[in-house]
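Hi,

Here is the model I promised to send over.

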Amino acid sequence: MTSASPPRVRLDPTQRALLKTLADRQFHSSTELAAALGLSRTGIWKAIHALGDAGVAVAAIPGKGYRLGAPVELLDETAIRASMSREGLALLQRLDLLDSIDSTNAYLLRAAAAGSVSGHVCLAEAQTAGRGRLGRQWLSPLGANLYLSILWQFDDVSALGGLSLAVGAALAALLESTTGLVVALKWPNDLLWQDRKLGGILLEINGETHGRYNLVIGIGLNRFLPAESSTAIGQPVTDLHQALGESAPRRNALAGSVIDAVLQVCRDFPATGLSAYLETWRRYHGLAGRQVAFQHGHEEWTGRIVDIDDHGRILIGRSDGSVGAFASGEVQLRRVDGMSG
Ligand code: BTN
């Protein structure tokens with residue numbers, strides 16, 4: 001980034017070395033770790049606690065030692081680039097890998113304000129103030145999931161309404177082609193598996209510079225959610241590890257293929273619009289025909305999801321037989337089906 005200096009927290013070298021050693025998910029005694037890292041056993045204990053504070057669960061079993069509660073694969077630029085196509089690499093202008101940041105979206109919005117351009121991508125191991133849709137928080141424990149944002153500049157924002165659906169469709173197709181996992185899209189762009197949230201997309205715009213609008217596309221994809229985070233989120237969530245077990249894609253490979261796919265959507269969307277992605281979106285539409293609660297402004301009612309129209313608006317049938325088309329609002333499974341959306 002050029003001149004903005006965002007607040008960020010760094011994993012200190014000891015925590016990073018400790019994570020690397022524990023990444024094999026075997027037990028390591030504090031004596032062994034102390035010798036390997038050149039620390040006292042108290043130093044190891046402190047570093048383990050600091051990792052815990054950063055969201056990494058480390059199990060301590062008397063007589064056995066320490067072991068990571070969940071697999072951690074630290075972000076690695078070479079591995080990310082290795083899973084990108086030549087086309088995708090040509091669109092990638094800059095790749096920032098951060099240990100911890102308030103929000104990768106906020107980071108790129110600041111970068112845009114400081115003059116950064118299309119193709120600037122950022123990923124973080126953890127976010128301290130991850131942002132979700134509708135002002136919600138996106139819990140972002142360290143090392144477990146994907147927190148990724150892409151900056152792209154568009155001339156015309158009026159056409160961007162469908163972009164978030166296009167990105168959702170591209171990610172659903174990518175997950176099926178790379179892992180075989182068939183996810184369901186919940187309008188506008190939630191990725192669900194078995195009615196549980198697997199990922200979400202947040203588009204944010206930062207004004208206009210020289211007639212171009214800076215758009216940041218933020219993607220959160222759960223790869224391995226620690227049990228404590230799942231409980232804290234307060235809605236049914238899932239992760240790729242639950243869906244795919246040990247064949248869940250590696251974190252860096254997944255990051256590379258997501259960046260690749262989304263950069264290509266950004267490049268193509270001004271020419272194609274949503275129409276090029278409608279068929280794909282509908283193929284993965286998980287809630288067609290389902291009875292849902294729909295919140296629009298201060299109004300809320302139940303209705304049956306019909307489809308999306310060609311502008312990407314959700315079509316909801318009311319009990320009186322009328323069908324409404326909505327460009328904004330929130331579909332909720334909770335009150336109707338006994339689960340939250
Ligand atoms: C949603 O609520 O469904 C959207 C969630 C988007 C979360 C991602 S994580 C990376 C990027 N940075 C953020 O602060 N939010 C998005």
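Start with Thr-280: setting aside neighbours within four places in sequence, Thr-280 is in contact with Ala-169 and Ala-173, where contact means heavy atoms within 4.5 Å. Thr-280 lies in helix α11 (residues 275-284); helices (H or I, at least four residues) and strands (E, at least two) are DSSP runs, numbered from the N terminus. Thr-280 is buried, at a relative accessible area of 15%. For that label, buried is under 20% relative accessible area, exposed is over 50%, and partly exposed is in between (1.4 Å probe, protein chains only).

Before you go further, the ground rules. This is a predicted model, so to speak of local features we need pLDDT of at least 70, side-chain atom pairs count only at pLDDT 80 or more, and totals for chains, interfaces and linings use all residues. Residues are numbered from 1 along each chain as its sequence is written, and side-chain values use heavy atoms, with hydrogens and water left out.

Now the ligand. It is surrounded by 20 residues, and the closest are Ser-103, Gln-127, Arg-131, Arg-133 and Lys-197; a residue gets onto that list if one of its heavy atoms lies within 4 Å. Some distances for you:

- A ligand nitrogen is 2.9 Å from an N or O atom in the side chain of Gln-127.
- A ligand oxygen is 2.7 Å from a polar backbone atom of Arg-131.
- A polar side-chain atom of Lys-197 lies 2.6 Å from an oxygen atom of the ligand.

Arg-133 also turns up in a polar contact of 3.3 Å between its side chain and that of Glu-330. The side chain of Glu-330 makes another polar contact, of 3.0 Å, with the side chain of Arg-136. The term covers a pair of N or O atoms within 3.5 Å; within protein, one must be able to donate a hydrogen and the other to accept it, and residues adjacent in sequence count only if both atoms are side-chain atoms. Glu-330 sits in strand β15 (residues 330-332) and is buried, with a relative accessible area of 4%.

Next, the aromatics. The structure holds 5 aromatic pairs, meaning rings of Phe, Tyr and Trp (its six-membered ring) whose centres lie within 6.5 Å, with planes under 30 degrees apart counted as stacked, over 60 as edge-to-face and the rest as tilted. One of them is the tilted pair of Phe-294 and Phe-326, at 4.9 Å centre to centre and 45 degrees between the planes. Phe-294 is in strand β11 (residues 291-296) and Phe-326 in strand β14 (residues 323-326), so the pair ties together parts that are 32 residues apart in sequence. Both of these Phe residues, Phe-294 and Phe-326, are buried. Together with Trp-187 and Trp-301 they form one aromatic cluster. Arg-318 lies over the face of Trp-301, 4.4 Å from the ring centre, and the charged end of Arg-67 sits over the ring of Phe-27, 5.6 Å from its centre. The test here is NZ of Lys or CZ of Arg within 6 Å of the ring centre and within 35 degrees of the ring normal.

Which backbone spots deserve a look? Most residues other than glycine have a negative phi, and most peptide bonds are trans. Trp-187 and Pro-188 are joined by a cis peptide bond, with omega about 0 degrees, and Pro-188 is in the loop between β7 (184-186) and β8 (190-193). In the loop between β8 and β9 (196-209) you will find Gln-194, whose phi is positive, near 50 degrees. Asp-195, which is not a glycine, has a positive phi of about 65 degrees.

Last, helix α2 (residues 30-37). Where do its buried residues point? Ser-30, Leu-33 and Ala-34 are buried in α2. Seen down the axis, these buried residues fall within an arc of 100 degrees, so they line one face of the helix; the arc is that of the directions from the helix axis to the C-beta atoms. They pack against α1 (13-22), α3 (41-53) and β3 (65-68). The face turned away from the buried side carries the exposed residues Ala-35 and Ala-36. Just after α2, Gly-38 takes a positive phi of about 70 degrees.

Cheers
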